[in-house]
Amino acid sequence: MSSLTTSPKRRSDLTIGRIGLYAFLISAALFFLLPLFVMLLTSVKPMEEIRNGNLLAFPNVFTLQPWVKAWTQACTGLKCEGIQVGFWNSWFILIPSVILSIAAGALNGYALSFWKIRGAEILFAILMLGAFVPYQVYIFPLVQITSKLGLFNTLPGIVVVHTIFGLPVMTLLFRNFYVSVPRDLFSAARVDGCGFLRIFWSVMLPMSTPIIVVAAILQTTGIWNDFILGLVFAGRENWPMTVQLNNVINSTQGEREYNVQMAATILTALVPMLVYFLSGRYFVRGIAAGAVKG
Amino acid sequence: MPNISIENLNIKFGAVTVLDGLNLAIADREFMVLLGPSGCGKSTLLNTVAGLIDANDGRILIDGTDVITLEPKDRGLAMVFQSYALYPQMSVRGNLGFGLKVAGLPKAEIEKRVSDAADLLQIRPLLDRKPGALSGGQRQRVAIGRALVRQTKIFLFDEPLSNLDAQLRAELRLEIKRLHQRLKTTVIYVTHDQIEALTLADRIAVMKDRIIQQLGTPEEIYERPANRFVASFVGSPAMTFLPATLVSSDGRISAKIGEVDVPLENYPFKAPPQDGMQVELGIRPEQSSLGEGPYLAKVEMVEPMGADTLVWSKLGDCSLSTRVGADTKIIPGETVPLGFVTDKISLFSKDTGLRL
Ligand SMILES: Nc1ncnc2c1ncn2[C@@H]1O[C@H](COP(=O)(O)OP(=O)(O)OP(=O)(O)O)[C@@H](O)[C@H]1O
Ligand SMILES: [Mg+2]
C-alpha cells in the first residue's frame, strides 16, 4: 500500500558515480563557458590593461567604450560605421528567409504527406539527398544560376539561396509532423469543400505551432550564423553581421583592439544565444512532440 | 431524390484487390448498412462513394449521374468519421460552421443552421469549447452535427459509434435512428456491429472477402442467412451448427446427427436435396426448445442473461444453445427433452457453405 502512495525516496547520499558525473558536467560547462567569460572580461577592459594584464584578471577600470566603438565605429573594410550595419543587414536577410523557407517547407511537407503526387517518392529522395550532400558542392552552380537571373549580389538573391538550402530539412521536418496527423481530418476537410490550399491554411497550419517554432529556431540560428552563403551571394551592400565581423577582425591597422573585437563578437553571437535561452524549453518540447508522434 | 447506384466497382491498392466487381443499389431515403468483419473493405467502399478514394474501374451514380470524376464536395453528401476527425483548433461552433463558411454562405444563415443542429443534438452548451475538452460521446455528436448542418440528401457514416462505451453506443444508436426518421435522407452506414446493423437498417449488405455475401432486410438476414458466414456473423448469442447427413427415403427427408434423426418435412428447400449429402444444421437459440420434443439432451451449462436464460446442452456429441425463459428451472447434469422448430432452422451445404 505505502509503496503505491509514497513517492520514491530521493537519494541524497553522494556515491562515487554521482561525484564523477558532477565532475564531468562541471568541467564540460567550464570548458564551454570559460572562453565566453574571457571574452566578456576582455571586452570591458581598456587596451593598456589587456596589454599588461592577465587574461583572467578582473578589470581595474571598467569601460563600455569598446562596445560603443564596435557597434558604431569599427572598420569593416573601407567604411568605419561599426558592426551595426551588418546587424541590420542580417535582419533584412533573416526575416524573409525564415518566413519563406518555413512556408515552402510546410507546404512541401503537407503536399507530400496528404496528396498523391506522381513521383513524390523520388522527389522526396532527391530532397533528402540535398540535405546530406555538403552544400559547398552547390555554390558554383548557384552562382551561375543567380547571376543569369540577375539575383547575384542582391538581397532577394541571398533570400532565395537561403530558402533553397533550408528546403530539405524544413520539408523533412514538416512531412514527419504531418504524417502523424490522422488522415480522416484531411478527408473531413475535403468533404467540407476545401481544396489544396484551404486545407493547408485553415486546418493544417493552425495545428502546426509546435513544429513551426522548432523550424523557426533552426532556421533563425542557422541563417544568422551563416557566413559563406552571405559572403558569396549577398553582395557587399548586404553582407550579414558574420561577414562584417570577420572584416572587423581582419582589417585592423596598427594595434589590434582586442576589446573591440571581443565586443563585436559577442554582439554578433547575441541573437542566436537569445533565441536558445528564450526558446530552449519550446525547442525540446517540439522536437519531443515530433519524435513521439512521427 | 438521391438514389445511389454502385456498378462494377473495382478497387486495388497496388497489387491488393479490395473490391472486385461490386454492385449495390441504394434506394432513395433508404438506411443501408454495410456490415462485415474488419478489413473487408467497408471503409474503402464508403470512401469511394464519398470521392476520397479513386476507383480503378466501375461507376457510381447518384440520381443517375455518374459522379466518379467529381470532387467530394460536389457529390452532395456529408460524412461522419470513426475517429470523429474534428478540427482541433476550432471551437465546436467553428467545426459545425466550417463547411458552410467554405461554401460561402452568409453569416446569418450559418449561425441559424449551427444553432438548429446544436439544439437537435443537445450540444448548445458546448458550442464554445474546443474538441479536446469534450467527451467521446459529445465529440461524436459534434461530428454528426457537422454533417447535419450541410443539409445534404446523403449521409455517410463510417463506424461512428465504435469508439464509445456500450451504454453511450445504445443511446446514440437510438438518436441516429430518430434523426433518420425525421430527416428522411439516404444513409450508408458502415459497422462491424451486427446489433447496430439489425436495429438501424432498412437493408443490410453483409460483406466479406471483397464481395457482398447477402443483401436483404434485417429479418431476411437474420431468419434466412444465405450462407454459413452470414449465419455465424449475425445474431447474438450466435447460431450453433450441427454436422449432419441428409437421408431421403420414400420422399421423406431427414437429417441424421449421429444416432439422432431430425425429420425435415416442413423445411423450405430451395432445390430438391440429395440423399447422403453432408450438411450443417444451423440453429439459433430460439429455434430449439427444452422440456418437450422427441430428443433427449444433457444439460451442460446454464447462462442467465437477465430477460432470458441460455442453456448449453449436448445432443449426442454436439453442443447447442437454447434460449429459455428466465424462470425456467434447469440444473446442469440433468437430461431433458429437446425439440427443433424445423421450419425456422437453416441448412447449409458442408461443401459450399450455401443455404439449401
Ligand atoms: N491505402 C491503402 N493501401 C493498401 N491497402 C489498403 C489501404 N487502405 C486499405 N487497405 C486494405 O484494404 C482492405 C480493406 O480496408 P478497409 O479500411 O476498407 O476495411 P474495413 O472493412 O473498413 O475494416 P475496419 O472494420 O477495420 O475499419 C484491408 O485489407 C486494408 O489492409
Ligand atoms: Mg473501416
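How many nonpolar, polar and charged residues does the lining of the largest cavity have? By class, that lining has nine nonpolar, two polar and no charged residues. The structure is a predicted model, in which local features need pLDDT of at least 70 and side-chain atom pairs count only at pLDDT 80 or more, while totals for chains, interfaces and linings use all residues. Residues are numbered from 1 along each chain as its sequence is written, chains are lettered from A in the order in which they are written, and side-chain values use heavy atoms, with hydrogens and water left out.

**Largest cavity**

**Interface of chain B and chain A**
- The contact (heavy atoms within 4.5 Å) takes 24 residues from chain B and 16 residues from chain A.
- One salt bridge (a side-chain nitrogen of Lys or Arg within 4 Å of a carboxyl oxygen of Asp or Glu) is found across the interface.
- E71(B) and R190(A) form a salt bridge through their side chains, at 3.5 Å from N to O.

**Second largest cavity**
- The second largest cavity has a volume of about 50 Å³.
- Residues of both chains line the second largest cavity, among them A188(A), D192(A), M79(B) and R146(B).
- This lining divides into six nonpolar, no polar and three charged residues.

Terms used. Nonpolar A, V, L, I, M, F, W, Y, C, P; charged D, E, K, R; others polar. 1 Å grid on protein atoms, 1.4 Å probe; cavity = no way out; pocket = protein on both sides within 12 Å on 5 of 7 lines; lining within 4 Å. Points joined across faces, edges and corners; volume = space filled by probe spheres on them.
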